[in-house]
Amino acid sequence: MAKRGAGTNSDQLHGTLDMLVLKTLHHGPMHGYAIALRLEQLSNEVLQVEEGSLYPALYRMEARGALSSEWGVTDTGRRARFYKLTKAGKAQLADETQSWARITAAVQSVLES
Amino acid sequence: MALLRRIRALFRRDAIADEIREEMAFHLEMRIEEWQRRGVGRSEAERQVHRRFGNVATLRDKGYDIRGAGQALEAAVRALPVDDRLGPVTGIVATPLYGDIMESTTDALMLVGAGIGLLVILVGVNVSGLVFAEGASRRQELAVRASLGAGRGRLVRQQLTDATVLAVAASVLGLVLAVLSLDALLAILPLEFPPHVAPAIDLRTGGLTLLCGIGVAWIVAAGPAWRLSGINLREWIDGRIPDLRRGWFRRPGQIVVFAQVALAVVLLAGGGLLLRSLNQMLQVDLGFDPEAVQVLEVAPLDPAPEVWAAYYPALVERLQAVPGVHAVGASDWVPMAALKLFAATMPGEPEPPTPIGVTPGVLEAVGARIVDGRLLSWGDARLPVAVLSASAARAFFGTATAVGQTVNLSRVPHTVIGVVADMRGDGPRSRPEAAAYTWLVPHSFMPPSILLRPDGAGPSIADLRAAAASIGPRVIVERLRPGTALLDDNVRTPRQRTALLSLLAALGLGLALVGVAGVSAQAVSRRSRELAVRVACGATPGQVVRTVAVGTLTPALLGLGAGLLAAAYAAPLLERNLFQVTPTDPYTLISVGATVVVAATVAAWLPARRAARIDPVAALRE
């Protein structure tokens with residue numbers, strides 16, 4: 001029999017990572033390594049993205065149509081798979097950013113009370 | 001587009017696996033260079049990166065496959081001290097990345113694709129038969145055209161133009177029907193669509209459908225058209241009508257019936273197997289009553305363990321007094337809302353009971369059946385007592401009475417006060433698992449859920465909110481979810497697959513019956529002279545009807561046999577979607593056979609009745 005908590009927790013993590021990845025790709029196509037690096041840099045090294053979470057998230061989002069990918073060449077001449085946002089992905093990012101803002105505002109107001 | 005990509009993925013499985021490998025290799029290389037830029041030597045950088053990446057390469061070098069890697073990982077985790085909050089790890093299953101992401105959609109796509117593909121072939125066979133029948137009756141006209149100078153290419157073009165006009169008209173009609181029934185169709189499609197892409201029939205889909213329609217029509221009409229347009233004018237003028245009925249075209253009607261029935265049988269067998277599976281799934285005794293339970297999420301904003309430990313018992317007490325609540329309790333487990341990681345075990349290995357924290361009222365709320373002893377009560381507050389599931393009791397004590405005995409749970413001795421029937425907490429597909437229900441100690445990392453069993457119309461959410469807020473700490477109250485919603489989540493996909501394949505099978509059977517009836521009717525017209533002679537020679541109407549019906553039924557029965565063989569051959573592909581039903585389930589195959597025999601007999605007999613009304617004098621004079 002399973003613990004409910006673990007399921008919910010992991011769903012929440014999936015959702016947050018998806019949103020962060022979508023946000024990172026908002027500025028243009030990137031390969032997986034660059035996404036991980038950018039997330040780490042933007043969060044001042046607070047967010048360490050595990051490859052084991054990042055790539056399943058990328059494949060899942062691609063399968064759901066939020067991202068598309070194609071093989072290209074990096075600045076250093078290496079072959080890499082570049083991901084970019086689709087129209088559906090942009091809409092999802094807008095939605096998730098909005099609901100994230102709502103939640104953080106609500107939590108903030110509770111903390112400040 | 002996402003759907004097209006998935007369909008493409010079906011045929012590029014190996015290529016996709018290679019791409020994933022290449023992508024990972026690129027990622028690792030970049031990480032290694034990152035370490036090197038920090039001044040670490042190449043070999044040390046490689047070691048560090050591979051270690052952080054899960055040491056997959058090392059496991060592979062040691063000869064582990066994906067399953068072995070899961071077992072090695074499990075052994076390593078088991079060697080760690082047990083975390084009392086989580087309980088012992090019951091198993092770890094390693095799955096390939098590709099399988100994890102693609103398997104479920106791949107399965108569904110295979111099913112949808114195979115079903116629709118068979119149906120399209122069936123339609124093609126039907127149309128091909130019709131084109132041939134129609135063309136045969138126009139041979140006189142074709143001969144006249146040929147005599148006026150029309151070449152074979154021109155005659156073929158003319159027939160293909162006819163087929164195109166028909167295909168366009170039929171596709172447009174089909175598209176209109178599809179637009180009207182899109183919502184119903186999507187409800188039974190076992191595919192997950194991206195949340196922001198509402199599937200719609202747009203210009204692209206419409207254009208593709210039209211092209212497919214015309215393409216199928218050309219493919220099936222080309223053969224008969226070529227055959228029929230092969231007119232030798234000299235033979236016509238001499239009155240020697242060439243016999244078209246040679247080779248494959250000797251008995252076009254019979255071939256059409258044979259192929260249609262065979263294809264319909266394959267579809268029917270698939271639909272029948274899924275239907276039986278779904279029925280079996282709904283018959284499974286879950287050990288609890290999902291219809292009667294509701295789930296409410298309540299969490300104090302203050303995460304301090306002492307706040308939670310005091311809050312939940314008080315909450316349960318308050319909720320008991322809310323009108324419309326029959327039984328209520330707090331639990332760190334919700335049936336049907338499970339995560340695989342904690343539920344999985346290695347096959348054949350005895351399973352330690354999963355400790356589940358509950359307050360009194362939870363087992364009553366989910367409708368657990370008492371086998372022996374009693375359930376938790378408030379009098380047991382914080383005492384080391386446990387209620388075991390039947391299989392846990394069996395594992396500990398065999399056939400001896402468990403109540404009153406002592407078991408060690410998370411290294412603490414607990415007195416068994418009761419035994420309840422096993423519950424399949426992860427839905428009908430899961431095994432009944434060994435569980436031990438002990439007093440709830442709320443974890444600080446995840447709030448417990450409130451399980452309640454309503455009485456009559458049930459409690460109002462406003463009353464529940466008021467009760468949750470009246471205790472003291474500020475709380476968040478989430479939505480109230482019925483247990484049936486959780487059950488639906490669990491059986492929705494099988495239900496959708498079954499509905500879709502049953503619909504395709506019904507369409508297939510309908511088409512095949514139309515084909516059988518058409519061939520039977522055609523036989524009556526074609527053989528009217530022969531039948532008239534039979535009647536003139538004293539054959540009874542019954543005998544004449546039988547002659548026609550048997551002529552049609554023979555290829556239908558041969559088609560049934562071929563279809564059953566093909567179904568038995570193809571059914572193992574369905575195995576993953578089946579539940580307690582074997583792919584060659586005799587009950588299903590016999591039912592399909594009986595249905596087809598009865599339906600085909602009726603379809604052949606109805607038009608054949610016309611043969612009984614043949615007037616021999618009139619027929620022979622024609």
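The structure is a predicted model, in which local features need pLDDT of at least 70, side-chain atom pairs count only at pLDDT 80 or more, and totals for chains, interfaces and linings use all residues. Residues are numbered from 1 along each chain as its sequence is written, chains are lettered from A in the order in which they are written, and side-chain values use heavy atoms, without hydrogens and water.

Chain A contains 4 helices and 3 strands, where helices (H or I, at least four residues) and strands (E, at least two) are DSSP runs numbered from the N terminus. Read from that terminus, the order of its elements is α-β-α-α-β-β-α. Chain A has 113 residues, and 43% of them count as buried, that is, under 20% relative accessible area with a 1.4 Å probe and protein chains only. Contacts (heavy atoms within 4.5 Å) between residues of chain A at least 6 apart in sequence join residues at least 24 apart in 44% of cases.

In chain B, helix 13 (residues 305-320) and helix 17 (residues 461-469) have axes that come within 9 Å and cross at roughly 140°. Helix 13 of chain B contributes Tyr311(B), Leu315(B), Arg318(B) and Leu319(B) to the contact, while helix 17 of chain B contributes Leu464(B), Ala467(B) and Ala468(B).

How values were computed. Buried means under 20% relative accessible area, exposed over 50%, partly exposed in between (1.4 Å probe, protein chains only). Axes are lines fitted to C-alpha atoms, for helices over the stretch in contact, and angles run from 0 to 180 degrees between N-to-C directions.
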